[in-house]
Amino acid sequence: MDGQHNASATTVGDARRAQIVHAARAICLEKGFSKITISDIAGRVGMTRSLFYHYFQDKDQVADAVLDDVIDEVISQLEEWNANREVGNISKALDDMVRLTRSLIADEGPFSQRMIEDGNAGLYIKFIDRVADRIAEYICNSTVRDFEKLHGMPITNEHETFYTLIVGLISLIRLHPDIEDTVIRQVAAQTLHLNEYM
């Protein structure tokens, strides 16, 4: 019975942590991370400040949890893309990746302009570093391995190449939102040495 009680308490605790993370994420988009207070977050989820500290030590720990939450969503989208990918259709895969990258930068996406406004620049940079690393790791362990089985590997330092490409494309699209998809696609294909496979 005691083990059952502990499992139930853990589930409730996990649910409360998730509520706090989602509230912090919503408030961050509304008014910027630098202006969020513990009271804002606690109030949004209907708890006291002291109860908040039962789940998180401080605002920075919540920020890390928010970043992980957003990154998990991005990885889920990548997993869906990878599962529905047409093996061997590199052209379609590149088009899909351009669309996915644009959706991440859209107003409601995790890389949106709102994320870096109002003092969120440090959080944004930390986020880009972590998400690019996780995306590169995911792609290298899945899509790249599939490609390698069919074609060999035209690049070296795969993780580093993908990391650089991801960070670069996000910055390029944010700076030049009107850039044509064909240009983004060409940059990705050139960087990854894919032109001869399409």
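This is a predicted model: local features need pLDDT of at least 70, side-chain atom pairs count only at pLDDT 80 or more; totals for chains, interfaces and linings use all residues.
1. **The cavity.** How many cavities of 30 Å³ or more does the structure hold? It holds one. The space in this largest cavity comes to about 630 Å³. Its lining counts 36 residues. Closest to the centre are Trp81, Leu94, Met97, Phe162 and Leu192.

2. **What the lining is made of.** Several helices take part. Those giving two or more residues are α4 (59-84), α5, α7, α8, α9 and α10 (181-191). Which helix gives the largest share? That is α5, with eight residues.

3. **α5 against α9.** Start with the pair formed by α5 (residues 90-105) and α9 (residues 158-175). Their axes lie 10 Å apart, and the packing angle is about 60°. That angle makes α5 oblique to α9. The crossing of α5 and α9 is right-handed. From α5, the contact uses Thr101, Arg102 and Ile105. From α9, it uses Ile170, Ile173 and Arg174. By class, this contact of α5 with α9 has three nonpolar, one polar and two charged residues.

4. **α5 against α10.** Helix α5 also meets α10. Here the axes come within 10 Å and cross at roughly 115°. The crossing of α5 and α10 is right-handed. On α5, look at Ser91, Leu94, Asp95, Val98 and Arg102. On α10, look at Asp181, Ile184, Arg185, Ala188 and Ala189. The contact of α5 with α10 divides into five nonpolar, one polar and four charged residues.

5. **α7 against α8.** The remaining pair is α7 (residues 121-141) and α8 (residues 143-151). Their axes come within 3 Å and cross at roughly 30°. Is α7 roughly parallel or oblique to α8? The crossing angle makes α7 roughly parallel to α8. Ile139, Cys140 and Asn141 form the α7 side of the contact. Thr143, Val144 and Arg145 form the α8 side. By class, there are three nonpolar, two polar and one charged residues in the contact of α7 with α8. Both α7 and α8 also give two or more residues to the lining of the largest cavity.

Technical notes
Residues are numbered from 1 along each chain as its sequence is written. Side-chain values use heavy atoms; hydrogens and water are left out. Axes are lines fitted to C-alpha atoms, for helices over the stretch in contact, and angles run from 0 to 180 degrees between N-to-C directions. Helices (H or I, at least four residues) and strands (E, at least two) are DSSP runs, numbered from the N terminus. Angles under 35 degrees count as roughly parallel, over 145 as roughly antiparallel, 65 to 115 as roughly perpendicular and the rest as oblique. Contact means heavy atoms within 4.5 Å. Ala, Val, Leu, Ile, Met, Phe, Trp, Tyr, Cys and Pro count as nonpolar, Asp, Glu, Lys and Arg as charged, and the others, Gly among them, as polar. A crossing is left-handed if the near helix is turned anticlockwise from the far one by less than a right angle, and right-handed if clockwise. On a 1 Å grid over the protein atoms alone, a cavity is a set of points where a 1.4 Å probe fits but cannot get out, and a pocket is an open set with protein on both sides within 12 Å along at least five of seven lines; lining residues have an atom within 4 Å of a point. Grid points are joined across faces, edges and corners, and a volume is the space filled by probe spheres set on the points.
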